[in-house]
Amino acid sequence: MNEASPINPMVAASGRQVAAAHARPASDVPATGPVRTGGAAVGSAIGTPVLEVVHLEKVYGARGNVTRALEDVSFTVSRGEFVGIMGASGSGKSTLLNCVSTIDSATSGSVVVNGADVTRMKAAKLAKFRREQLGFIFQDSNLLDTLTARENIALPLTIARVPAREVSVRVEDVAMRLNISAVLDKYPYQMSGGQQQRVAAARALVTDPALIMADEPTGALDSKNARLLLESFETMNRQYQATVLMVTHDSFAASYTNRVLFIRDGKIFTELRRGDSPRRAFFDRIMEVVAMMGGEGSDAL
Ligand SMILES: Nc1ncnc2c1ncn2[C@@H]1O[C@H](COP(=O)(O)OP(=O)(O)OP(=O)(O)O)[C@@H](O)[C@H]1O
Ligand SMILES: [Mg+2]
């Protein structure tokens with residue numbers, strides 16, 4: 001499954017309308033890594049949407065005390081995209097990610113992952129689907145304290161009954177790519193926060209999920225470790241064609257993505273596509289939108 005992926009070809013297409021990315025010609029696609037073993041995303045055609053969010057609404061509370069956290073949110077993410085979600089505190093970013101990741105249930109609308117509508121899935125099927133198709137990275141790494149990094153990363157494969165020899169190969173491979181080979185036999189308390197987050201990223205990636213979701217993954221990291229984690233995300237995206245959805249309030253973190261969706265008051269306000277522009281130029285454009293939305297810098301969003 002190391003075929004080319006549609007990494008945002010469009011330049012500066014901002015606006016309310018959110019469209020799926022189009023595939024680049026093969027010659028224009030960055031070099032890809034080795035063939036992955038196994039995995040749920042195998043068989044997804046190039047340019048096929050991995051995620052389709054259609055008229056998604058989420059209302060919390062009841063009579064007199066209602067919060068419309070999401071209102072008519074629609075967008076599509078193609079395989080191999082790295083998409084950022086930005087917005088002020090309380091704008092609905094986590095709600096959106098939680099509805100997509102099935103942690104929370106939508107009030108109406110649909111969330112289709114790899115062709116399956118998760119809003120209509122029964123609990124038993126959902127658990128399997130989540131395990132096989134989705135990967136999560138939280139603000140705190142959520143590693144199991146009593147397991148080494150190697151065991152933490154291997155856990156989802158062990159649960160899926162992948163043979164031990166294959167587990168070992170896949171864990172070593174992903175660890176090498178995310179620069180954590182040296183900490184594989186350490187326990188979480190023996191690692192830095194940044195290393196823990198990269199181990200969490202490896203754990204999310206190792207099952208080759210259709211979609212990896214991260215909610216403020218750099219939120220608890222200093223700038224050096226944030227940069228290292230974001231570079232790991234780039235590696236996941238470029239070398240594994242992982243499709244990543246990352247919530248962040250930080251323009252610097254968002255500048256590592258291929259596209260940013262800006263959310264305001266539960267609605268998509270606009271989107272920015274990186275196209276071929278360098279990260280620094282994309283950062284400047286993100287900051288312009290942040291300013292336009294009333295923010296005063298990375299902390300305002
Ligand atoms: N379980 C809940 N019950 C009631 N209201 C909720 C619940 N979860 C979120 N909300 C409300 O929904 C809105 C969106 O919240 P959400 O957590 O998605 O914001 P966010 O964009 O992730 O903010 P932050 O940047 O602070 O994490 C807010 O007004 C919040 O108060
Ligand atoms: Mg949040």
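Is Tyr 240 buried or exposed? Tyr 240 is buried, because 26 other C-beta atoms sit within 10 Å. The cut-offs work like this: a residue is buried if 20 or more other C-beta atoms lie within 10 Å of its own, exposed if 12 or fewer, and partly exposed in between, with C-beta atoms placed from the backbone.

What you're looking at is a predicted model, in which local features need pLDDT of at least 70, side-chain atom pairs count only at pLDDT 80 or more, and totals for chains, interfaces and linings use all residues. Residues are numbered from 1 along each chain as its sequence is written, while chains are lettered from A and ligands numbered from 1 in the order in which they are written.

The chain has 8 helices and 10 strands. Those are DSSP runs, numbered from the N terminus: helices are H or I with at least four residues, and strands are E with at least two. Of the 301 residues in the chain, 45% are buried. Now think about contacts, meaning pairs of residues whose C-beta atoms, placed from the backbone, lie within 7 Å. Take the contacts with a separation of 6 or more: 73% of them join residues 24 or more positions apart.

Next, find ligand 1. There are 13 residues around ligand 1, and Tyr 60, Ala 69, Ser 89, Ser 94 and Thr 95 come nearest. Here, a residue is near a molecule if its C-beta atom, placed from the backbone, lies within 6 Å of it. Two elements, β2 (67-78) and α1 (93-100), each give two or more residues to this shell. The most come from α1, which supplies 3 residues. The shell's residues split into 2 nonpolar, 10 polar and 1 charged. For that count, Ala, Val, Leu, Ile, Met, Phe, Trp, Tyr, Cys and Pro are nonpolar, Asp, Glu, Lys and Arg are charged, and the others, Gly among them, are polar.

Stay with α1 for a moment. This helix is mostly covered, with 7 of its 8 residues buried. Its buried residues are Lys 93, Ser 94, Thr 95, Leu 96, Leu 97, Cys 99 and Val 100. After α1 comes Thr 102, which has a positive phi near 70°.

Now for some helix packing. Two packed helices are described by the angle between their axes and the distance between the axes. Axes are lines fitted to C-alpha atoms, for helices over the stretch in contact, and angles run from 0 to 180 degrees between N-to-C directions.

Start with α3 (residues 149-159) and α5 (residues 193-205), whose axes come within 7 Å and cross at roughly 25°. So α3 and α5 are roughly parallel to each other. Angles under 35 degrees count as roughly parallel, over 145 as roughly antiparallel, 65 to 115 as roughly perpendicular and the rest as oblique. On the α3 side, Ala 149, Asn 152, Ile 153, Leu 155 and Pro 156 meet Val 199, Ala 202 and Arg 203 of α5. That contact is made of 6 nonpolar residues, 1 polar and 1 charged.

Helix α5 has another partner, α6 (residues 223-239): their axes come within 9 Å and cross at roughly 15°. This pair is therefore roughly parallel too, and α5 passes α6 in a right-handed crossing. The contact between α5 and α6 brings together 6 nonpolar, 5 polar and 1 charged residues.

Between β6 (134-137) and α3 lies Asn 142, which is partly exposed, with 13 other C-beta atoms within 10 Å. Its C-alpha atom is 7.4 Å from that of Ala 200, 58 residues apart along the chain. In the loop between α5 and β7 (211-215) you'll find Asp 208. Asp 208 has a positive phi of about 60° although it is not a glycine, and it counts as buried, with 23 C-beta neighbours inside 10 Å.

Finally, back to Tyr 240, in the loop between α6 and β8 (244-247). The C-alpha atoms of Tyr 240 and Val 174 are separated by 9.6 Å, although these residues are 66 residues apart along the chain. Gln 241 lies in the loop between α6 and β8, with a positive phi near 55°. Gln 241 counts as buried because it has 25 C-beta neighbours inside 10 Å.

Terms used: Two residues are in contact if their C-beta atoms, placed from the backbone, lie within 7 Å. A crossing is left-handed if the near helix is turned anticlockwise from the far one by less than a right angle, and right-handed if clockwise.
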